[in-house]
Amino acid sequence: MIYPIPLPHRSNRRARAAAHRAMAIAALTSNSSLGVRYRRYHAHMRKAEALSRAADAIALEVVQEVSE
């Protein structure tokens, strides 16, 4: 039986994206002004989305390589 090799960079990006989503939620509940909270929230969400897109792109590359 062939066992899939875990890709550390893929899981690392997904874990970092999840961490940024958690930081975004925490930013909304912080003891700061509304503008600061929204700015921090959106900055973390942009990073999370970029990391998710990168992880998806790598996953798509791996699937294409396997199917060839």
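I began with Ser30, which is buried at a relative accessible area of 19%, where buried means under 20%, exposed over 50% and partly exposed in between, with a 1.4 Å probe and protein chains only. I noted that this is a predicted model, in which local features need pLDDT of at least 70 and side-chain atom pairs count only at pLDDT 80 or more, while totals for chains, interfaces and linings use all residues. Residues are numbered from 1 along each chain as its sequence is written, and side-chain values use heavy atoms, with hydrogens and water left out.

I then looked up the place of Ser30, which lies in the loop between α1 and α2; helices (H or I, at least four residues) and strands (E, at least two) are DSSP runs, numbered from the N terminus. Leaving aside neighbours within four places in sequence, I found Ser30 in contact (heavy atoms within 4.5 Å) with Arg37 and Arg40.

Next I turned to charged pairs and found a count of 1 salt bridge, meaning a side-chain nitrogen of Lys or Arg within 4 Å of a carboxyl oxygen of Asp or Glu. Asp56 pairs with Arg14 in this salt bridge, their closest N and O atoms being 2.9 Å apart. The pair links distant parts of the chain, since Asp56 sits in helix α2 (residues 34-67) and Arg14 in helix α1 (residues 8-28), 42 residues apart. I recorded Asp56 as partly exposed at 43% relative accessibility, and Arg14 as partly exposed at 34%.

Last, I checked the whole protein chain, which has 2 helices and 0 strands, and buried residues make up 18% of its 68 residues.
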